[in-house]
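Me: Hi! I have a structure open and would like to talk through how its pieces pack together. Could you help me with it?

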Amino acid sequence: MKDDLIVVCGGGGFIGGHLVADLVRQGHRKIRSVDVKPFDEWYQHVPGVEDVQLDLQEREACERALAGAHTVYNLAADMGGMGFIENNRALCMLSVLINTHLLMAAKKHDVQRFFYASSACVYNADKQRDENVTALKEEDAYPAMPEDGYGWEKLFSERMCRHFREDFGLITRVARFHNVYGPLGTYEGGREKAPAAVCRKVIQAKLAGKHEIEIWGDGKQTRSFMYIDDCLKGIQMITASDIIEPLNLGSNELVSINQLVDIVEGIAGIKLKRNYNLSAPKGVNGRNSDNTKIQALLNWQPNIRLRDGMEKTYRWIYEQMTAKK
Ligand code: NAD
C-alpha cells in the first residue's frame, strides 16, 4: 500500500539511496530513510522523504527508526570493497549489532516485512579457489567457511533473520548480493569496490596524462557485477515474495578484473600500462552467481550488460572528479 511506512536503513549509502529514490518514483508516500552519516555525506536526498540521522548499532535508535513501520529494508552496514573488509574485520562484524537491534525493534513494532541485504561473501571459500569458478548456488554457503569477518557477520545475520521468522513469526527475506555497482556510490577513500575503483584510476590516468594503472592482484581473478537498477528490482521482488530462504541476487556475466579494465579503457578511449600489485587485497580467485533459483521462482534476471552499466558509472564518476578539480 502506498501509504504504509517504509523504512530504509542505510538510506544515505549507495544501494539504500537508490532504493529510496525508486520507492518514491513508484508512488510510495511515506518513507523514512535512516543513516549514521551526517546529511551532507548522503549520496541522495529525495524530496518528501523523512531523512533521519541515527546510529543503528544502538538498540534505542533502532526502536525510534522503526516506530510505525510496515516494511523495513536493512541496507545499513559498515562495509566497503576488499581493501576495507580485509583490513577492518572487527568493524565489519560490529554490523551484527545493526541487524540484531533492527530485528528486535521490528518484532516490538510488529513490522510486516523485513528485508536483509546479505552478500556473496557468505559462500564457502573452498568453492571459489579457481578463476574458472562454477557459479555459486545457494546451498554452497554450507558447510560454512565464509569471508573472514564480513562474511561471517552476514551469515550469522542471515541466520538471525531465519530464527526470528521461525520463532517469532516476523516475515524476513534475504538476498545475497553479488557486487553491485552504479552511479551515486563510493569511488574513493578506501571503501570503494572494483568497478568504481577502476573507473577512478582510469579517469585519474586520463586527466593526468600518465597512462598507467595499478591493478590489485594479477588481474586474472574473476567476478560478476550487477548494475544497481537490476538490484533494486530484485530487492523489491524478493521482499514481496513468499521465498523464505536466502536467494542469490547478482549478475552471471563473469569477467576477470583485466577484462573489466579493458571495458573501462574502451569507454575512456585510452590504453594504459598495467602494473600488478600482487600484495594488495584481492579476495577469492573466482566468484559468480548461479541464478537458477531466482529465475525459476521469481523470473528475475539481470537486464543490464556490464559495458552499458559501466558507461553510466564512468560518466558519473568522471563528472564528480572533474567538478572537484
Ligand atoms: P554503503 O556503504 O554505500 O551503504 C551502507 C550505509 O550504511 C552507509 O551509508 C553507512 O553510513 C550506513 N551505516 C553504517 N553503519 C551504520 C549505523 N551504525 N547506523 C546507520 N547507518 C549505518 O554500501 P552499499 O553498497 O549501499 O551496501 C548496502 C548493503 O548491501 C550492505 O549491507 C552491504 O553489506 C550489502 N552488500 C553490498 C554489496 C555491493 O556490492 N555494494 C555487495 C554485497 C552486499
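Me: What is the handedness of the crossing where helix 9 passes helix 11?
Reply: Helix 9 passes helix 11 in a right-handed crossing. Keep in mind that this is a predicted model.

Me: Thanks. At roughly what angle do the axes of those two, helix 9 and helix 11, cross?
Reply: Roughly 60°, and the axes come within 10 Å. Helix 9 covers residues 257-268 and helix 11 covers residues 306-324. The two helices are therefore oblique to each other.

Me: Which residues meet there, between helix 9 and helix 11?
Reply: From helix 9 you have L260, I263, V264, G266, I267 and A268. Facing them in helix 11 are L306, R307, M310, E311, Y314 and R315. Sorted by class, the contact of helix 9 with helix 11 has eight nonpolar residues, one polar and three charged.

Me: How many bridges does strand 11 make with strand 6?
Reply: Three bridges, with strand 6 (residues 172-177) and strand 11 pairing in the parallel sense. In one of the bridges, R176 has N248 of strand 11 as its partner.

Me: While we're on helix 5, at what angle does helix 2 pack with it?
Reply: Helix 2 (residues 59-66) and helix 5 pack at about 50°, with their axes 8 Å apart. That makes helix 2 oblique to helix 5. Helix 2 passes helix 5 in a right-handed crossing.

Me: Which residues make that contact?
Reply: Helix 2 brings R59, C62, E63 and L66. Helix 5 brings I98, H101, L102, M104, A105, A106 and K108. By class, the contact of helix 2 with helix 5 has seven nonpolar, one polar and three charged residues.

Me: What does E153 touch?
Reply: Leaving out residues up to four places away in sequence, E153 touches C92, M93, S95, V96 and Y116. E153 and S119 are 34 residues apart in sequence, with 10.0 Å from C-alpha to C-alpha.

Me: Last one: strand 8. Which residues are on the covered face and which on the uncovered one?
Reply: In strand 8 (residues 212-216), I213 and I215 are on the covered face, whereas E212, E214 and W216 are on the uncovered one. In a regular strand the side chains alternate between the two faces of the sheet.

Me: How many bridges join strand 8 to strand 13?
Reply: Five bridges join strand 8 to strand 13 (residues 273-277), and the two run parallel. I213 stands opposite R274 in strand 13.

Definitions and conventions:
Residues are numbered from 1 along each chain as its sequence is written. This is a predicted model: local features need pLDDT of at least 70, side-chain atom pairs count only at pLDDT 80 or more; totals for chains, interfaces and linings use all residues. Side-chain values use heavy atoms; hydrogens and water are left out. Axes are lines fitted to C-alpha atoms, for helices over the stretch in contact, and angles run from 0 to 180 degrees between N-to-C directions. Helices (H or I, at least four residues) and strands (E, at least two) are DSSP runs, numbered from the N terminus. Angles under 35 degrees count as roughly parallel, over 145 as roughly antiparallel, 65 to 115 as roughly perpendicular and the rest as oblique. A crossing is left-handed if the near helix is turned anticlockwise from the far one by less than a right angle, and right-handed if clockwise. Contact means heavy atoms within 4.5 Å. Ala, Val, Leu, Ile, Met, Phe, Trp, Tyr, Cys and Pro count as nonpolar, Asp, Glu, Lys and Arg as charged, and the others, Gly among them, as polar. Two strands pair if DSSP finds at least two bridges between them. Buried means under 20% relative accessible area, exposed over 50%, partly exposed in between (1.4 Å probe, protein chains only).
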